[in-house]
Amino acid sequence: MARVVVLDYGSGNLRSAERALERAGADVEVTSDRRAALEADGLVVPGVGAFSACMDGLRAAGGDGIVDRRLADERPTLGICVGMQILFERGVEHGVHAEGVGQWPGTVERLHAEVLPHMGWNEVSPPEGTTLFADMDPDTRFYFVHSFAVRKWETASSETSRAPLVTWGEHGEPFVAAVEHGALSATQFHPEKSGEAGTRLLRNWLGGL
């Protein structure tokens, strides 16, 4: 059974994530302890609320350093909702500019849509080779609650590295719904609120630990 830490830095649906991961078959601990977070088979970084507030909480708990260290050691890490957004370089919300963890280039910004927040069940379009969405029907739906997202993907493949696998969603316009990049994965939607589809996705992630 995989040992997973849900990082407690003052933001996120911690208990919902804990229960969802347990349903998917993980041995789960919710903690801010650095050693436990570094040594776990998998680390989950949740997040709700404003980008800047999440980053303040993450830095105060040393979470940015934990993520950096785990990825340097190629240890699996999963960001959820704002926990995905803060993995990018920057966020812009209501005129507030904040720096993110910077694992991927790009800006989290307000979606161009008539109705916000984007709330409810939506399909996504995963690429070939995906692990998170393996063996799922094309019409599988996941639960979203957000007004901000990455609207443009800025990372390309090179001679020395493969481009991340990017899954797209749409609400008024296309946006990044999930990313898989080596040891680092993330979803804009909430697997822990997505019923059986979310459980299957978490099982797929746990299968790679």
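A salt bridge is a side-chain nitrogen of Lys or Arg within 4 Å of a carboxyl oxygen of Asp or Glu. By this rule the count comes to eight salt bridges. This is a predicted model: local features need pLDDT of at least 70, side-chain atom pairs count only at pLDDT 80 or more, and totals for chains, interfaces and linings use all residues. Residues are numbered from 1 along each chain as its sequence is written, and side-chain values use heavy atoms, with hydrogens and water left out.

**Exercise 1. Treat Arg 141 and Glu 123 in the same way.**

Solution. 
- Step 1. The two side chains meet in a salt bridge at 3.8 Å, N to O.
- Step 2. Arg 141 is in strand β9 (residues 141-146) and Glu 123 in strand β8 (residues 118-123). These distant parts of the chain are 18 residues apart.
- Step 3. Relative accessibility is 41% for Arg 141, so the residue counts as partly exposed. For Glu 123 the value is 37%, so partly exposed applies.

**Exercise 2. Which residue forms a salt bridge with Arg 203?**

Solution. 
- Step 1. The partner is Glu 196, with the closest N and O atoms 3.5 Å apart.
- Step 2. Arg 203 has a relative accessible area of 41% and is therefore partly exposed. Glu 196, at 45% relative accessibility, is therefore partly exposed.
- Step 3, the background. Side chains of opposite charge can pair when their charged atoms come close.

**Exercise 3. Which residues touch the most other members of the largest nonpolar core?**

Solution. 
- Step 1, the rule. A nonpolar core is a set of buried Ala, Val, Leu, Ile, Met, Phe, Trp, Tyr and Cys residues joined through side-chain atoms within 4.5 Å.
- Step 2, the answer. The core has 66 residues, and Leu 21, Ile 86, Phe 133 and Phe 142 touch the most other members.
- Step 3, one member. Contact means heavy atoms within 4.5 Å. Beyond its neighbours within four places in sequence, Leu 21 is in contact with residues including Val 4, Val 28, Leu 202 and Trp 205.
- Step 4, the background. In soluble globular proteins, nonpolar side chains tend to be buried together.

**Exercise 4. Is Glu 18 buried or exposed?**

Solution. 
- Step 1. Glu 18 lies in helix α1 (residues 14-23).
- Step 2. Its relative accessibility is 16%, so Glu 18 counts as buried.
- Step 3. With neighbours within four places in sequence left aside, Glu 18 is in contact with Val 6, Val 28 and Val 30.

**Exercise 5. Classify the aromatic pair of Phe 88 and Trp 153, then that of Phe 144 and Phe 175.**

Solution. 
- Step 1, the rule. Rings of Phe, Tyr and Trp (its six-membered ring) pair if their centres lie within 6.5 Å; planes under 30 degrees apart count as stacked, over 60 as edge-to-face and the rest as tilted. The structure holds nine aromatic pairs.
- Step 2, Phe 88 and Trp 153. The centres are 5.8 Å apart with 90° between the planes, an edge-to-face pair. Phe 88 is in strand β5 (residues 88-93), and Trp 153 is in the loop between β10 and β11, 65 residues apart. Both Phe 88 and Trp 153 are buried.
- Step 3, Phe 144 and Phe 175. Ring centres are 5.7 Å apart and planes lie at 90°, so this pair is edge-to-face. Phe 144 lies in strand β9 and Phe 175 in strand β12 (residues 174-181), so parts 31 residues apart in sequence are tied together. Phe 144 and Phe 175 are both buried.
- Step 4, the cluster. Phe 133, Phe 142, Phe 144, Phe 175 and Phe 189 form one aromatic cluster.

Notes
Helices (H or I, at least four residues) and strands (E, at least two) are DSSP runs, numbered from the N terminus. Buried means under 20% relative accessible area, exposed over 50%, partly exposed in between (1.4 Å probe, protein chains only).
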